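The points below may be read alongside the sequence and the coordinates.

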There are 4 protein chains.
Amino acid sequence: MKVGILGATGSIGQRLIQMLEHHPEFEVAQLFGKKSVGKKYGDINWILKGNIPHYVEDSRICSTSEISPEVELVFSALPSPVAESIEVELAHKGKIVVSNASAHRMEEDIPLLIPEVNPGHLDLLQVQKETRKWKGALITNPNCSTIMLTMVLKPLLDAYGIEQVIAVTLQAVSGAGYPGLPSLDILGNIIPHIRGEEEKLVKETAKILGTYRGGRILPSQIETSVTCNRVPTIDGHLINGFVKTVHEVEVEEVLETFQNFSGLPQRLNLPTAPERPIRVTRKADRPQTRLDLDPMAIVVGRVRKINTMLAFTILGHNTIRGAAGASILNAELFEAVL
Amino acid sequence: MKVGILGATGSIGQRLIQMLEHHPEFEVAQLFGKKSVGKKYGDINWILKGNIPHYVEDSRICSTSEISPEVELVFSALPSPVAESIEVELAHKGKIVVSNASAHRMEEDIPLLIPEVNPGHLDLLQVQKETRKWKGALITNPNCSTIMLTMVLKPLLDAYGIEQVIAVTLQAVSGAGYPGLPSLDILGNIIPHIRGEEEKLVKETAKILGTYRGGRILPSQIETSVTCNRVPTIDGHLINGFVKTVHEVEVEEVLETFQNFSGLPQRLNLPTAPERPIRVTRKADRPQTRLDLDPMAIVVGRVRKINTMLAFTILGHNTIRGAAGASILNAELFEAVL
Amino acid sequence: MKVGILGATGSIGQRLIQMLEHHPEFEVAQLFGKKSVGKKYGDINWILKGNIPHYVEDSRICSTSEISPEVELVFSALPSPVAESIEVELAHKGKIVVSNASAHRMEEDIPLLIPEVNPGHLDLLQVQKETRKWKGALITNPNCSTIMLTMVLKPLLDAYGIEQVIAVTLQAVSGAGYPGLPSLDILGNIIPHIRGEEEKLVKETAKILGTYRGGRILPSQIETSVTCNRVPTIDGHLINGFVKTVHEVEVEEVLETFQNFSGLPQRLNLPTAPERPIRVTRKADRPQTRLDLDPMAIVVGRVRKINTMLAFTILGHNTIRGAAGASILNAELFEAVL
Amino acid sequence: MKVGILGATGSIGQRLIQMLEHHPEFEVAQLFGKKSVGKKYGDINWILKGNIPHYVEDSRICSTSEISPEVELVFSALPSPVAESIEVELAHKGKIVVSNASAHRMEEDIPLLIPEVNPGHLDLLQVQKETRKWKGALITNPNCSTIMLTMVLKPLLDAYGIEQVIAVTLQAVSGAGYPGLPSLDILGNIIPHIRGEEEKLVKETAKILGTYRGGRILPSQIETSVTCNRVPTIDGHLINGFVKTVHEVEVEEVLETFQNFSGLPQRLNLPTAPERPIRVTRKADRPQTRLDLDPMAIVVGRVRKINTMLAFTILGHNTIRGAAGASILNAELFEAVL
């Protein structure tokens, strides 16, 4: 299947290009940009390790008005304000738009999808088709931290029920894109706030853990409180979570619940699906950003009971599992089930 | 008053020497070490900004067995295992021992003191004298993060009552002393655990916020849950706090409560006391480690209500307010009231 | 004397405001900006430690067209392309323009001034007045690294003559202004190139160490080779220098030469002049950025002979001695001698 | 061939274990330690990314006195003082000792080997055998920075002759081993000195580029001046080099010389040999530590002529090409030719 990439020169666009180089199902056929339209992709400022993959070096960056009829699906790594109209336009024209942008995530008929967590929300596409009269479709993935958090909450919710969640994030700078944070702002510093992030985490978590019924999502009613910090690391968000469950939990049982967690991507054996969505570490001082970061699996450690809370620490790769890889897995699921 | 410094070559010892250079009441008369006994202080490995203060450059480092009768008070910046016996021995011999070490903090008759928070706990010294038959005395200050957290909890407790506290710390490397953390462990990394720290925070907070009655401290019954992280900053611990109060709170009122908080050190105008123990910032993305660190005041920002919790972020200087300055303020209070 | 600041919201503008708060001769009367014209200065994004100084908090940011007749001297912290015409215009109108911008540094009749090194180059102002018919004047200071390097070369040149200089810089991120370098570019990284910097270092050094004769500067003929690196530190440039002198040198003599170096600012006792322009350290592993940075003095260490070269390491504060402080010292010298 | 690893728990020992996991010729049969003797290798403090390789998890750490007769070759990642006697002892007993330690590097009959640069120096083994009466042999590899520098100097020397070299290193913290540098020493800092490193670079370069004649190495007479800095990066040393060649050079020709450089390991197709020992980058601001680090190839960029010097910047992986990989390549060469 031929695919295009919107926002191909940005940091998530670059990750998509890197991850799709040898993809068994998707062939990158067109790259889209804005200021760089007309340039050779090989001439942009590549910010990931290593060189620009050979297969896109000679691609000319196109404007979305030039989209080829051959391109059936587009990945959108656009900044949210730009994504707003372009994504709708392309879905209207018949393209499958798989978006990492936040612009449409919270709309009623747009699936906000994590394949392991709420694959059933794809049913919204039916509603979407009817209301919007689109020939194509629009699927979104959540914010990076939301993905990591809900991946871990889901098995807890299923097994024990959840009353309350408190989460404190320590987020790497690549989460802010490129150029993103000025170095003067973050070298030797902690910034205890990320604009809009806490609101996203709360609202998106409620939608993802919500129930699809009668053509819409009833959001989950879990009380969720979040503080987000920016820290001087490059890749990898860490989340310290505290959860009050409905039913009593035992740590050993929770560890097993995490380890055994598996979803539709694993059953369908999707190309980008990790063998186990959650990796458990029992070492006292892990997971650590530098040592334990996994592209698509979430690592959970420090699982323990403190007073009435279950506490744990989560590590995930914000630009892979939390963005580019999330979109690719969504596209794979869409292809597999529809 | 002539004072000595135990553990004078370590990182807190160095801070003590720096802070006491121009102290109006205490004159540093003797420096104590272990491996460095006999050396000139000017020849040690000074790790703070600038040079070794002139006034100690020619001091010979002594063993505690050589302690001069002139020295009435000693500051202890010893590692805990070493502190255990030496502090007791010196208190027994008649010295006032003002300690930053954790060895004796949790003992029943030892004040664990923050002058703004629990000055009344100095009454334990009476009990101490009677039980231990010491000619001197032993006063301790809490762990760095405990000091910051309880300074902020105290006015909340007094004004609204507290049911539950959840705290996540982001602690700078200087908190681990010197040599402390290997650079390979923390450069570009977050370590989601600090050995023994969470336990200290919980137990010490309960003691400090406890009530002195009938010769002992009844620990506070607040449910406290803590996760500690080590982050790649040099000085300054940041704490993300969530508090469930007994009585309803309003953010504006809380800000005023913090701003107006003041204690005995302020009333007595102690030399090292900050004018206001708590500084409030209303900027959305503050306090930041690099920009807002204050030697003796705690900076609180991001005060907001989320669901049933009051949330906020605390910044404090771990080796000054959280260690060397804490000990000095304790000594000043002791001198002023006893 | 009432002064204005061009580019008052940028990182060097902020340093100027910070340094001029209590200046005995200059009173900041007007702040100039571009996009921020009309705003209160208290509302800008202040990036230095601590808060915006009270004395400018309520100042309205002006456009240069509103410059007051009372303002006799302006400090220019403008980006070079903007500086080009504005500085000329203001000099033409009668203002003394003391600039940190590179736009006019290399022009024949513009002094490129370091008060300790080439105060005599102020004589160019005579030429400037005649050729340009300006009522005012324009004085510039060099690039940050050039200032540090030439401050150290000057006493060597005077004492021993210099044939060849090789310099490798390790420059902090604040040298790139704000927002400057994206954090993704420099966290955990070294960038072995700074655009335009090597050329500036070579050309500016030749002009500063050149000789004023017959109304113009004959550039120095020292063979100078430079490589510039960007490193992940906040403030403080480090330079590893190798110098081939004309006459034989002895290390001890060089150390004395450095220590005794003193210039017109010291003789005139200018307010911002450091007591000694060069501070010498004999410790094997110094100067270090975090420990030894001095606002206005250059620190030199590791002075040694290797083969035919004299080698040393230089540390200087790039935004103070290398920029804001350099301009202020230039203004002070101008005031004192003209 | 069965091999052992001396110093298996240290940072280079860990790299050796990681690199040898799937080695086609060497099978790790025994791991040696000191304080950890008797422990399971799976229980040590693993400091590299990912987990301890499964194949060594259950190995018991042995003392060298327990060395098995089956082990023919040992890699030594010992600290120098410990290496001194153990290496000699094992060579005496008949083992091939391939060492990364500095203890014996400069001894007359010990090859200091970089397979691409001076494979002929293996002839020293004949001398070694005769003088020392060892049944085994001892081969060493140079210091990490020396390897990178001489790899680049070798093709220049062959093509143009070299009169003078000036090199400034920016070295990552992993070069100091583990625990190595305290984080307080290097976070946000540059240290302009590494004890003993400059001397090693000069002496080892002279030996490696020297000529084997009549049973000994005549050291090269190139005038070499070096300054070493420690910078806050994890892996990857950067070297800014300046070379005065005997014959005139052209940049384009030099780039080709670098690119075409190839040695015996490439001709013999040794398993660990990089396809090209030197990778050339023509981008203005490369090589960068975070983006360009290659395990076994040296990356050279910024090649340019300045005045009488050829200048360039070198990047190499200090613990792979500069240590563990260097030893493995030496062992592979030894196996292939002897």
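1. What rotation, and what shift along its axis, superposes chain B on chain C? The model discussed here is a predicted one. In it, a rotation of 180° with 0.0 Å of shift along the axis brings chain B onto chain C, with an RMSD of 0.0 Å. The two copies are thus related as by a two-fold rotation axis. Within chain B, the C-alpha nearest that axis belongs to Gly188(B), at 3.3 Å from it.

2. The direct contact between these two chains involves five residues of chain B and four residues of chain C. On the side of chain B that touches chain C, the classes are two nonpolar, one polar and two charged residues. Of the interface residues of chain B, 80% are also interface residues in chain C, so the copies meet through the same surface.

3. The contact between chain D and chain C takes 33 residues from chain D and 34 residues from chain C. On the chain D side, at least two residues each come from strand S7 (162-171), strand S10 (223-230), strand S11 (237-245), helix H10 (289-292), strand S13 (298-306) and strand S14 (309-316). S10(D) gives the most to this side, with four residues. Sorted by class, the side of chain D that touches chain C holds 16 nonpolar, 13 polar and four charged residues.

4. How many bridges join S13(D) and S14(D), and in which sense do the strands pair, parallel or antiparallel? Six bridges link S13(D) to S14(D), and the sense is antiparallel. An example is Lys305(D), whose bridge partner in S14(D) is Leu310(D).

5. Chain A is divided into domain 1 (2-142 + 324-337) and domain 2 (144-317). The C-alpha centres of domain 1 and domain 2 of chain A lie 24 Å apart. Their contact takes 31 residues from domain 1 of chain A and 28 residues from domain 2 of chain A. On the domain 1 side, the elements that give two or more residues are helix H4 (124-132) and H11 of chain A. H11(A) provides the largest share of that side, seven residues. By class, the residues of domain 1 of chain A that form this side divide into 16 nonpolar, nine polar and six charged.

6. H11(A) also deserves attention for its packing with another helix. The axes of helix H5 (residues 144-160) and helix H11 (residues 320-337) of chain A come within 8 Å and cross at roughly 95°. Where the helices meet, Cys144(A), Ile147(A) and Met148(A) of H5(A) face Arg321(A), Gly322(A), Ala323(A) and Ala326(A) of H11(A) in contact. By class, this contact of H5(A) with H11(A) has five nonpolar, one polar and one charged residues.

Note on methods
Residues numbered from 1 in each chain as written. Chains lettered and ligands numbered in written order. Predicted model: local features only at pLDDT ≥ 70, side-chain atom pairs only at ≥ 80, totals over all residues. Contact = placed C-beta atoms within 7 Å. Nonpolar A, V, L, I, M, F, W, Y, C, P; charged D, E, K, R; others polar. Least-squares fit on C-alpha atoms with pLDDT ≥ 70 in both. Pairing = 2+ DSSP bridges. Axes fitted to C-alpha atoms, helices over the stretch in contact; angles between N-to-C directions. Domains from an automatic or database assignment.
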